[in-house]
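The following paragraphs lead through a protein structure, from its overall architecture to selected side chains. Please consult the sequence and the coordinates alongside the text.

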Amino acid sequence: MEDLGGEDRLSTLERLAADNVALVAAMIADTGARWLQGEQLDPSAIATLQNTFNRTAQILGWQRRARDVTPDLKAYARTLSESPAASSSSASVVAATAQNSPAGNVGTPAGAPQ
């Protein structure tokens, strides 16, 4: 469900489909383990399980969905106000980086004081 952006972002039908995919995946893994132990299995039953898995997974999609992890403005402001030392040190790092970067010296003649 995490590959789909998290359970909280899924519809009821998507959650049910994800549960079904997980169940069929477990059944396929169990079937594979039994086959490796030498148990005789019906190939058509294995194919049916695999086809069921593929069809249900196709409905959900094969690509991962990104989850928005951007904090809202209030949460971000709260973190800044809770840690004033961190925000002032961040500002000084940014200022020092800008001053020492080549981009910070654009338009300054060579040898001129900065």
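Helices, as the term is used here, are DSSP runs of H or I spanning at least four residues, and they are numbered from the N terminus. The model under discussion is a predicted one. Under this assignment the protein contains 4 helices and 0 strands, and reading along the sequence gives the pattern α-α-α-α.

The protein has 114 residues, of which 12% count as buried. Its accessible surface amounts to about 8,900 Å², and carbon and sulfur atoms account for 60% of that area. As for contacts in the protein between residues at least 6 apart in sequence, 57% join residues at least 24 apart.

Leucine 73 lies in helix α3, which covers residues 73-82. Is leucine 73 buried or exposed? The cut-off for the exposed class is a relative accessible area over 50%; leucine 73 is exposed because its relative accessible area is 70%. Leu73 also belongs to a nonpolar surface patch together with Tyr76 and Leu80. The accessible area of Leu73, Tyr76 and Leu80 together is about 330 Å².

Attention now turns to charged side chains. How many salt bridges does the count come to? The count comes to 2 salt bridges, given the criterion that a side-chain nitrogen of Lys or Arg lies within 4 Å of a carboxyl oxygen of Asp or Glu.

One of these pairs arginine 34 with aspartate 30, with an N to O distance of 3.8 Å. Both residues are in helix α1 (residues 12-36), and because they are 4 residues apart there, about one helical turn separates them. Arginine 34 counts as partly exposed, since its relative accessibility is 30%. Aspartate 30, at 40% relative accessibility, is likewise classed as partly exposed.

Arginine 34 takes part in a salt bridge with glutamate 39 as well, where the N to O distance is 3.8 Å. The relative accessibility of glutamate 39 is 37%, so this residue counts as partly exposed. Through shared partners, the salt bridges join Asp30, Arg34 and Glu39 into one network. Arginine 34 is the residue that meets both aspartate 30 and glutamate 39.

Two surface features have thus been located in this predicted model: the nonpolar patch of Leu73, Tyr76 and Leu80, and the salt-bridge network of Asp30, Arg34 and Glu39.

Definitions and conventions. Residues numbered from 1 in each chain as written. Predicted model: local features only at pLDDT ≥ 70, side-chain atom pairs only at ≥ 80, totals over all residues. Heavy atoms only, no water. Patch = residues over 30% accessible without salt bridge, like charges linked within 9 Å, V, L, I, M, F, W, Y side chains within 5 Å. Areas by Shrake-Rupley, 256 points an atom, 1.4 Å probe, with all protein chains shown as cover. Helix = DSSP H or I, 4+ residues; strand = E, 2+ residues; numbered from the N terminus. Buried < 20%, exposed > 50% of the residue type's maximum accessible area, 1.4 Å probe, protein only. Contact = heavy atoms within 4.5 Å.
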